[in-house]
Every structure is written in structure tokens, then in C-alpha cells.
Amino acid sequence: MALATLVMLQLFVVAAGVHLLASDELVERKPVPVASPEPPPVPVITAGPVLAAGGNGPLPTKGTLTTRLAEALGDPALGESVGAAVVDAETGTSLFASGADTGITPASTTKIVTAVAALASLGPDTRLSTRVLRGSSQSSIILVGGGDPTLTANRIDPSVYPRPASLATLAMRTAKALKAAGITKVTVAYDDSLYTGPRTAATWKPGYVPEGSVAPVTALMTDSGKVAPGSRQRVSDPSRSACAAFVSQLKKYGLKVANTTARRTRAITNAEEIARVESAPVYALVERALTLSDNDLSEALARHVALKEGRPASFDGGAAAVRAVLTRLKAADGVTVFDGSGLSPKNRIAPAALARLVAVAASPANPHLHPAISGMPVAGFTGTLGHRFGKSDSAYGLVRAKTGTLDGVSTLAGVTTTKDGRLVAFAFMADDVPPGWGRAEAALDRLAAAVAVAG
């Protein structure tokens with residue numbers, strides 16, 4: 001029953017999420033924090049227990065597990081660079097290791113690292129704010145990006161999870177406040193200075209943005225920088241496009257905008273706030289990022305970790321801040337990352353380190369980290385595992401894991417409950433995969449299934 005409940009919870013979390021796949025003023029200032037520290041206006045309930053009740057059955061027999069996994073690891077579809085680790089979620093005891101301490105390109109399983117760091121540093125209930133501040137005059141306003149890539153310029157489907165902040169709502173609140181003050185005509189500028197450094201990582205391949213894998217990373221964007229709902233194509237300047245959409249919404253709510261082109265600026269410290277909207281809480285953002293393997297959201301979360309940890313909100317700052325958080329969790333050894341999404345082919349994570357981190361997130365001692373587990377796709381049901389593990393597979397519905405795929409890279413890391421009811425964490429990683437990555441995925445699935453049936 002507990003396992004069925006766990007699966008149904010994930011079905012609800014992501015069925016809606018998959019449906020989502022469905023200046024004229026220039027004043028120096030220090031960046032204004034946008035991760036709202038104050039309580040939200042409505043009660044927020046953090047993600048509750050996500051693990052099967054108990055999970056403390058007998059440990060699987062090492063000999064049997066080793067035999068099954070060693071055979072499966074020999075699949076030529078995985079290539080010559082393969083690592084694997086299985087650890088007991090409760091004690092961290094190693095149950096199986098093969099090449100487990102060698103750094104391997106993790107691809108999108110890097111998002112587990114980002115997710116855990118975000119939950120540990122920001123806290124699960126923190127929200128990201130997009131605000132409108134007063135400019136240098138009563139009739140000038142500045143749209144200030146708070147690093148929320150889920151902010152939407154489109155109509156919100158009430159069934160979508162997590163519910164995104166709405167640009168239309170922000171425009172409505174802005175217009176209402178200004179009209180109440182007798183202001184009906186404004187000039188508009190935008191401030192996206194919360195993030196620093198380049199908008200694409202030096203370690204990324206140049207094709208990632210053109211092919212639609214990710215948008216240029218900015219602190220102000222709507223709908224992950226996509227040109228239209230359901231499109232993979234990204235706009236070249238997400239900040240400018242978001243501001244243009246905001247101006248259009250202001251006009252719908254009866255405000256006249258004096259300038260035809262909004263310019264980038266910096267809001268002054270302690271500028272008057274006119275209106276704001278807030279994202280879903282971090283725990284829900286983490287669930288979305290993991291289930292949908294959302295690159296834009298993962299990069300945003302890494303930058304907010306950087307801000308929280310007193311680092312620049314850049315690729316380098318995010319990587320350093322994430323490592324600092326993992327160090328506090330005693331989980332930094334074997335983890336080297338250059339971005340938050342896993343698009344960088346230079347990232348390296350040892351399978352043993354990744355499996356240990358999953359175990360840390362799953363531990364009953366760390367309830368604030370549990371959304372990193374509840375956000376993982378469920379085998380055969382949701383997210384990037386929805387098309388994997390057929391109904392006849394022994395791991396169908398039992399494996400909860402994050403996938404990772406780049407050219408020549410295929411990885412899988414997560415948790416499962418063994419045949420005798422023991423919760424275990426695993427990481428299976430290959431970064432010299434021969435052409436035909438679908439075969440490597442199937443090989444990784446067989447490894448996960450071998451753990452699920454272990455007794």
C-alpha cells in the first residue's frame with residue numbers, strides 16, 4: 001500500500017507537470033534579494049513523506065547482488081567506461097561497487113546535486129519573486145527579474161503543477177497600484193542584474209541554445225525563454241522579451257507606456273515596491289526540475305544557491321556554492337560540477353558519491369531534502385522514465401530515478417525498495433557509450449531492475 005501510495009503521489013505531481021510541456025534611469029545599487037524570506041500570504045505545506053513506510057527490511061545478499069550486477073555491467077552497450085554503486089539508504093553501507101570512485105560524466109543526474117543543494121541552502125518553502133519597483137520618478141517603473149524561469153506570460157492551466165507565477169497578474173497588480181495613485185502613463189525599464197557573468201557556460205557545446213536544450217541564462221525570463229508554448233526554440237534575449245510581454249500586459253490593464261523600447265537598468269537600493277508575484281516553493285520547483293529534467297530551472301536554482309551562500313550568481317559562483325553546501329552535508333567528495341543542469345561534458349561525479357548523495361536525500365533524518373526523491377521519475381509512469389520499464393519488467397513502478405543523457409553518456413541514479421523491503425540508493429553511469437544510446441538506457445534499466453528484485 002505504501003508503495004502504491006508513493007507511485008500515485010508521483011503520478012499526480014508530474015502528470016500535471018508533463019502537461020506543462022505543455023532605461024532611462026541608471027542608478028547604481030546592490031542587488032536586492034529576491035528569495036522571499038517572509039512567510040507567503042497563504043499557508044505552505046512542504047513535501048511530506050515520500051518513502052515507503054519502513055524500508056528497513058533485511059539487506060540484500062551481497063553475493064547474489066554482485067553476481068547479477070557484474071553480469072549486467074558487462075553489456076557492451078554501456079561501453080568501456082562504466083561505474084556503479086549501490087548503498088543502503090539507512091546506513092550508507094556499500095552493497096556493491098564497480099569503478100565507483102572514478103569520476104564519470106553525469107549528464108542530467110547532475111540535477112540531483114543541484115536539487116539537494118537548493119533544498120539544503122534555500123529551504124523547501126522559499127519562493128522566488130518577480131517585482132515591479134519605482135524608478136527615478138513617480139511615473140517610471142522597473143521590472144526586476146528574480147531568477148524565476150517558470151514565470152509565465154501565458155494563461156495558466158489550473159491543473160498544472162506546480163502553479164507558476166503569472167506575468168499578467170503582476171501587470172494587473174501594477175496597474176491597480178499606479179491607478180490608485182493617479183498614474184496612468186509610465187515609462188518601463190527592466191533590471192536583470194541579479195545574475196552575473198556569461199549567459200551560457202564556457203563548457204557548454206555551442207549548439208545547446210540553438211537546438212532548444214536551454215535558454216541563455218538570465219534573471220528575467222518567462223516560460224523558460226521559449227518563443228511559444230510547446231516550442232523548443234528559445235528567444236535570443238529572454239530579459240528583453242519578458243519585459244516586452246509585460247508592457248503588452250500593462251496596456252491590457254489600461255496603462256499607457258511612454259517608451260516604445262524598454263531599456264536595461266538597475267533599480268536603486270530600497271526602491272519602493274509597487275507589485276510582486278512569487279514562484280511555487282523551492283520544493284515544488286525541485287520536483288519539476290527533476291521530473292521534467294528542466295535545464296533552465298536547474299540553472300536558476302544553482303544561482304539562487306550562490307546568492308544564498310554569498311557567491312556571485314554565475315556559473316562559477318553556483319558551482320562553488322553548491323560544493324560548499326555539499327561539504328556541509330559531508331557529501332562533496334567525488335563531485336565536481338561546472339553548471340547546475342548537467343549540460344557541461346566536463347562535469348565529473350563518482351558513482352559512489354552520487355549514490356551516497358541520493359541516500360542522504362532519502363534519509364528520514366533529512367525531511368527537508370525529501371523533495372529530491374519525490375521529484376524523481378517513477379519507472380514506467382512519469383517524466384523521463386515514463387517510456388521505460390514495461391509492465392512486465394520487475395522494476396515497473398518500483399524504481400524512482402533521475403536519468404542523464406549526453407552524446408556518449410547515459411546515467412541513472414535513484415532509489416528502489418528491494419524484494420525484502422530494504423530501501424537502497426544506486427548510481428549507474430557510463431560515459432563512453434557506443435552509438436545507439438537507447439541500448440545503453442535498456443542496459444541501465446536492467447541494472448536497476450536487478451537491484452529491485454535483490455533479496
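**Strands, rings and helices**

A: Strand E13 (residues 409–417) pairs with E14 in the antiparallel sense over eight bridges. Two strands pair if DSSP finds at least two bridges between them; helices (H or I, at least four residues) and strands (E, at least two) are DSSP runs, numbered from the N terminus. The model is predicted, so local features need pLDDT of at least 70 and side-chain atom pairs count only at pLDDT 80 or more, while totals for chains, interfaces and linings use all residues. Residues are numbered from 1 along each chain as its sequence is written, and side-chain values use heavy atoms, with hydrogens and water left out.

Q: Which residue in E14 is the bridge partner of Ser 410?

A: Ala 430 is the partner of Ser 410. E13 and E14 form a hairpin with five residues between them, and Gly 421 in the turn has a positive phi of about 90 degrees. E14 is also joined to strand E2 (residues 82–88), antiparallel, by seven bridges; there Val 87 has Ala 425 as its partner.

Q: Where do the side chains of E14 point?

A: In a regular strand the side chains alternate between the two faces of the sheet. In E14, Leu 423, Ala 425, Ala 427 and Met 429 point one way, and Val 424, Phe 426, Phe 428 and Ala 430 the other way. All of these are buried (under 20% relative accessible area, with exposed over 50% and partly exposed in between; 1.4 Å probe, protein chains only).

Q: How many aromatic pairs does a search of the whole structure find?

A: Rings of Phe, Tyr and Trp (its six-membered ring) pair if their centres lie within 6.5 Å; planes under 30 degrees apart count as stacked, over 60 as edge-to-face and the rest as tilted. The search finds four pairs. In one of them, Trp 204 and Phe 315 have ring centres 5.2 Å apart and planes at 80 degrees, so the pair is edge-to-face.

Q: How do helix H4 and H5 pack?

A: Two packed helices are described by the angle between their axes and the distance between the axes. Axes are lines fitted to C-alpha atoms, for helices over the stretch in contact, and angles run from 0 to 180 degrees between N-to-C directions. Helix H4 (residues 167–180) and H5 pack at about 50 degrees, with axes 9 Å apart. That makes H4 oblique to H5 (under 35 degrees is roughly parallel, over 145 roughly antiparallel, 65 to 115 roughly perpendicular and the rest oblique).
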